[in-house]
Amino acid sequence: MSYIAFEGPLDLDSTLMSGQTFRWIRDSHEPIAETNPWYTGVVFNNLIRLRLVTEGIEFRCFPDDELFIRTKIKDYLRLDDDLNEIYRAINRDDQIDNAITKYRGLRLLRQEPWECLISFICSAVSNIPRITSNVENLSVTYGRKLSNGTCSRWTFPEPGILASVEESALRELGLGFRAKYV
């Protein structure tokens with residue numbers, strides 16, 4: 001178990017569950033009202049669990065070393081960005097002020113470009129549950145399985161793998177007209 005200390009606000013639920021990424025899940029056995037629920041996702045070809053605690057972000061990862069992944073998570077969540085300074089710079093009117101108040105701690109993720117591109121192709125004329133399903137179906141069908149003994153998830157498929165898949169197979173996964181663009 002490792003920790004990442006950081007300064008400034010961070011709302012993990014808004015950051016991970018608001019629709020800028022589609023591979024994170026809030027652990028179902030914990031209520032939403034829980035002050036520090038665990039989130040599980042696959043990033044950097046690692047199964048990652050993380051949550052907010054007093055010390056910062058507590059995380060676990062598999063298969064890579066926690067010291068290696070710590071830097072990647074810090075970059076992914078953009079924890080070095082001075083969010084309070086960004087708020088001061090953009091807070092120019094009531095609408096922005098209301099958004100800052102409502103979503104304080106929401107951070108823009110620095111996602112892996114390939115998965116981000118395909119996820120947003122899947123987002124055309126869609127909604128968050130369907131996009132999540134499409135991206136997860138791609139991963140389960142064409143990704144590599146990761147299992148830490150208690151949880152299994154799949155990596156996002158590499159470009160070469162998806163390039164070799166027939167459009168009809170992608171349509172069968174529910175991508176519809178988006179399949180030809182993937």
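Which residue in β4 is the bridge partner of T40? In this predicted model, the bridge partner of T40 in β4 is R49, where helices (H or I, at least four residues) and strands (E, at least two) are DSSP runs numbered from the N terminus. Residues are numbered from 1 along each chain as its sequence is written. Because the model is predicted, local features need pLDDT of at least 70 and side-chain atom pairs count only at pLDDT 80 or more, while totals for chains, interfaces and linings use all residues, and side-chain values use heavy atoms, with hydrogens and water left out.

Five strands make up an open, antiparallel sheet in the order β1-β5-β4-β3-β2, two strands being taken as paired if DSSP finds at least two bridges between them. Strands β1 (2–4) and β2 (25–26) each have a single partner strand and stand at the edges, so one side of each is left without a neighbour in the sheet. Helix α2 (residues 66–76) packs on the sheet and touches β1, β3, β4 and β5 (56–62), contact meaning heavy atoms within 4.5 Å. The direction of helix α2 makes about 125° with that of β5, as given by lines fitted to C-alpha atoms, for helices over the stretch in contact, with angles running from 0 to 180 degrees between N-to-C directions.

Strand β3 (residues 39–43) is joined to the antiparallel strand β4 (residues 46–53) by five bridges, and V42 stands opposite L47 in β4. The hairpin of β3 and β4 has two residues between the strands, and F44 in the turn has a positive phi of about 60°. Seven bridges join β4 to β5, which run antiparallel, and R51 has E58 in β5 as its bridge partner. Seven of the eight residues of β4 are buried, that is, under 20% relative accessible area (1.4 Å probe, protein chains only), with exposed meaning over 50% and partly exposed in between.
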